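Morning, everyone. Please bring up the structure on your screens, and we'll walk through it together.

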Amino acid sequence: MTELWTTTPGGYLIVLAILLPLAGIILSFTLGGRSAERVALGSTPFGLALACAIALHVGRAGKPIVYVIGALEPPLGIALRADGISAIMLITTAVIVTAAALYARAKFATPDGIRESRSSLIFWIMLQSIWAALIIIFVSGDLFNLYVALELLTFAAVPLVCIDGRPETLVAALRYLLFALFGSICYLLGVALLYGAHGTLDIPLLAQRVQSTPVVWTAAALMTGGLLAKTALFPLHLWLPPAHANAPAAASAVLSSLVVKGSFFLTLRLWFYVLPGLSADQAAMVIGCLGSAAIIAGSVMALRQARLKLLIAYSTVAQIGYLFLVFPLATGAQSWSAMSWSACFMQILAHAFAKAAMFFSAGLLAEALGHDQIARLGGAARVLPLTFLTIALSGLSLMGLPPSGGFSAKWLMLQASIISGQWFWTLPILAGGLLAAGYVYRILAPALSDDRISLKSSPKRSQEVLALGLAMIAIALGFMPQTFSDILEIGRPIAAALP
Amino acid sequence: MSLLPYLDICLALLVVAVAFWTIAARDLFASVVGYVAYGLLLAFVWIRLYAPDVALTEAAVGGGVTGVLLITAGKRLGGLRNVGQGERPGFGLSLVAGVLAAAVAGALCAVILMLPDPPPSLAPEAVAAIHGAGAGLGNPITAVLMSYRSFDTMLEKMVLILAVVGVWSVGADNAWGGAPAPFRVSKPDAPMVFLAQMLAPVGVLIGIHIFWVGADEPGGAFQGGALLAAMWMVTMMAGVAQPPRVDARWLRVALVAGPAVFLVIGLAGGVVAGSFFAYPPALAKPIILFIEAFMVLSIAAALPMLVAGSPGERPDR
Amino acid sequence: MTPSVIAGLLGAALVGLGLYGLILHPHPLRKLLAFNLIGSGVFLVFGIVARRGAAAGLRFDPVPQAMIITGIVVAFAASAVAVALILRLSAVGRRVTLDPEVPTRPDGGDAK
C-alpha cells in the first residue's frame, strides 16, 4: 500500500493542473484590464488538456496517480492524489468552466475606452479561482489542505453573486458568505478533533487509523454538518436560491453546476474514503431522508416561482437531494454499491451540464426579452427556437426521461433501491421526476403558445450554440459505456468491517 | 508554581466574561470594544499553551487589525451607537438557541476530555526533519509552514489576494480604479502625526526583525508582515499617508509578490531539486527567507487594503 | 486541571457562546462578531491538540500550530469581506439586515 505515498508517473500533471489557474489569477490581477480576460480564456485549453491527460493516466494505470509535494511524505507533508472520481470531476469542471468563459465574453468584455472595469476584472479572476479551488478539492489528500481549498472556493464564489451590485444581490451574497463560513468552521473543528485523535490528516493514513470512538463520531458529524450547509441540502438550502438566481447567467451556471458539487464531493471523500470502516447505517438513513425531503421540497418550491432563474435555482435544491441517496445506497461492500456509486456521479454530471445549459438559456432569454417572468413568456419559443430547444433537452434530463444522463442516474438509483431492499427511496425518486416534469412544463407551455412577443434584442448565436452543446452532453451521457463505472471505482476503498 | 493553575482558571473566566459581554452587550459599539479586548486576552491564553507564534498572530490580527477593521466599519456605518439592532428576538428563540448552544458546548467539552492518552503527535517527526534533510530552520513552525506544508501557506496567500479582490469588488462601478476612503477625514492633529512619524520607522524595524528571527525563534513572515501592516495603517490613520488607488501597478505587484515568488520557486523545485516545492538541502534556509521576504511585503500590503475597504466610499464623491 | 484542559473547556465554551450569538443577533455585524468567537474557540481546540502533542523536546506539536496561524489569517480575510459587504449594503440605502423581504428605501437613507 506504500504506493499511495510515493509519487507515481504522471503525478506531476496534478501539480501543473493546480498551478495553471493559480498563475492565471496572479497574472490577471497584476496586469488587469483586458489582459485578465485574455489570460483566463488563454489558459482554458491548457486546463482542459491537463484534465484529460490526468484522466488518461488514471485510466491507463487503473489506480490513482499520486504526487508527494516537495517529496515530503505524509503525515508531515501533503500528497495529492487523482483517482477515478477526481478524473471524472476534473474533466467535467474543465468543460463547464471553458463553456462559461466563452459564454461570458459577451457580458464581461472590458468596454471600449476604459482601461479596466470592475465587473470584468472580478469575473475573470473569480472564474479562475473557482476552477483552482475545485481542482484542489478533487485531488488533495489532506483534510486541512482541503479546508484552505474550501475557503478559496467561498472567497471566489461570493463576489460573483453580487457582481452587479444591486442591493438584493448584496443581501444574497452576505447570507451566502455567513452560511459558507459557518460551514467551514464546523468542518475545521472536525479536522482538529480528528488530528487530536489520530495525529494525521492524510486521507488514506486516517482511513487506516480511525476507530469508532465518540471523538471520531463528533468530528464526522461536525464536518458533515458544515459540508451539508455549503452544499445547501434541505433544510440548509435557504441561502442558495437568492444567491444563484441573482448572479449573472455565466456565474449562476458555474455556481449551480460546479460549486455546490465541490462540498458534496468532500462529503463523499469523508464518508467513503476517510471513514469507510465506520458502520453508519443510521446516519446514512438520516441523510437519505434529508435528500428525499430536498427532492420534494425543492421541486414544489420550483413549481411556485414566478421568475425563471428562481425556478432553476430551486430545481438545483431538488436535484442535489438525489445525490444524497448515495449514502444509504452505496455504503458497505454490497453488490449494489457500485451501481449506486455510478448513479450518484451520473447525477452529478447530468445535473451539471443540464443546469449550466438552463442558466445559459435563462440568461439569453432575460437579455432578449428584458425580463424573466415565466407568466410573460407567451410565444417566446417561436422567436427563440434554439434557446427553447436547449431548455427542453436539459429539462428532459432533469425529469429523468430517456435517453439522457438524468434518466441513467435515476434508473440506476431505482434499481439499487429495489435490489438493496430499500424500496422506499423509489418514492421520492419517482415523485421528483413527476414534479420536475411539472416545472419544466410550466416554462415550455406558455412559450409554445401562439401569443405574439417582441424581442428587445436578438441573442448571440454563439451563446445559443454553447448552451445547446451543454444540453446535448447531458443527453449524450445517457449513452455512457460501462467504462464510466469502471473508472469511478479506481481507488475507491472497499469497506473493511471494524473489529 | 502552585499559583499558576488558579491564574489559568482566572484568565479563562475572564475570557469567557469578555466573550459573554461581546455577545450580550446591547450596544454594537460596546460589543466591538469587548471583541478587541477579547482578542488581546486570548493572546495570553496562547502564551500559556506554549504557542508564542500563535500569540503574536492573535494579538496582531485578532486584537489589532480586526479591531481597526470593526471600528472603522462602525464609523462608516454612521456611528455605531445609531446602528439599529433589528427587533429583539423573542423568548422562545432565545431559549432554543441557548439550549442548542449549551448542548454543543457540553458535547464538545466531553469530547475534548475524551481525546486519547497518550496523544498522537508529529513533533518527533518534525524535530527529526529539522535536523535531517528538512529545512535547516530552528523554529519548527516556520519549517512546517514554509516547507512541509508550503502548499497550504501558498494557498492561504492566494486567499488573501482573493479577499482583497472581494473587498474591492463591492465598490461602485464608477469608482473603480480610485482609492478607498481615507481612514481619517478630518485634519490630522499634531500629536497623532508625531506619533505616526516616531512609531512607524521603529515598528517597521521591529517587524523586519520579527520576520528575520522567525527562522529560528518565535515570529515569522506573517507576524512581521502584520506589524508592518499596522505601521502603514497608523500612518494612514494619522493622515500622514493616504490609501493608494486600487489600480496602482505597484500595489498589485506588492500584493501578489509573495504567492508569485512562492509559485515560481515551487515550480523551479521540480527542475532543480527533483520535486515541485522542494528546496535543494544546502540552500533551503536562504531560499525560505527569500520567499518569506516577499510574503512579508504582500501581507503588509494586503491587511491594510482589507481594512481600507472598497474604492470610492468617500462621502465627498 | 492542566492549562490545556482549561483551554479546551474554554474553547468549547466560546464555540457555544458564539453559536448562541450567531443564531440570535439579527444584525450581520453582530453575527460576524459571534462567528469570530466560534472561530477562536475552534482555534483553541486546535491549540490544545498542539499542546497535548508535546514530545521530542518540543513543548507543542508544530503541525497544528502552523495550521492555527493559517486559520487565523483566513478568518480575518473572511471578516474583511463580510464587513465590506455590510458597508456597501448600507451605502446603497438598504437596511442592514439579512432579511431578503426588506425593500430598498427610496430615499437612499443610511442604516436605521
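Let's begin with chain C. Take its contacts with a separation of 6 or more: residues 24 or more positions apart account for 41% of them. Keep in mind that this is a predicted model.

What is chain C built from? It has 3 helices and 0 strands. Along the sequence the pattern reads α-α-α. Chain C has 112 residues, and 74% of them count as buried.

Now, where does chain C meet chain B? The contact involves 70 residues of chain C and 80 residues of chain B. On the chain C side, the elements giving two or more residues are helix 1 (3-24), helix 2 (28-52) and helix 3 (62-91). Which of these gives the largest share? That is helix 3 of chain C, with 23 residues. By class, this side of chain C has 47 nonpolar residues, 15 polar and 8 charged.

Over to chain A. Its secondary structure comes to 20 helices and 2 strands. The C-alpha trace spans about 70 × 55 × 40 Å along its principal axes.

How does the radius of gyration fit a compact globule? With 499 residues, such a globule would be near 23 Å. Chain A has 22 Å, so the two agree.

Burial next. In chain A, 67% of the 499 residues count as buried. As for contacts with a separation of 6 or more, 80% in chain A come from residues 24 or more positions apart.

Now the strands. For one facing pair, look at A:Val66, which stands opposite A:Arg81 in strand 2.

Are the faces of strand 2 covered or open? Strand 2 is residues 79-82 of chain A, and both its faces are covered. A:Ala79 and A:Arg81 are on one side, and both are buried. A:Leu80 and A:Ala82 are on the other, and they are buried too.

Last stop: helix 5 of chain A, residues 143-161. How long should it be? At 1.5 Å a residue, its 19 residues should span 27 Å. Its end C-alpha atoms are 27 Å apart, so the expectation holds. Helix 5 of chain A is also mostly covered, with 19 of its 19 residues buried.

Definitions and conventions: Residues are numbered from 1 along each chain as its sequence is written. Chains are lettered from A and ligands numbered from 1 in the order in which they are written. This is a predicted model: local features need pLDDT of at least 70, side-chain atom pairs count only at pLDDT 80 or more; totals for chains, interfaces and linings use all residues. Helices (H or I, at least four residues) and strands (E, at least two) are DSSP runs, numbered from the N terminus. The radius of gyration is taken over C-alpha atoms; the globule rule is 2.2 Å times the number of residues to the power 0.38. A residue is buried if 20 or more other C-beta atoms lie within 10 Å of its own, exposed if 12 or fewer, and partly exposed in between; C-beta atoms are placed from the backbone. Two residues are in contact if their C-beta atoms, placed from the backbone, lie within 7 Å. Two strands pair if DSSP finds at least two bridges between them. The expected span of a helix is 1.5 Å times one less than its number of residues. Ala, Val, Leu, Ile, Met, Phe, Trp, Tyr, Cys and Pro count as nonpolar, Asp, Glu, Lys and Arg as charged, and the others, Gly among them, as polar.
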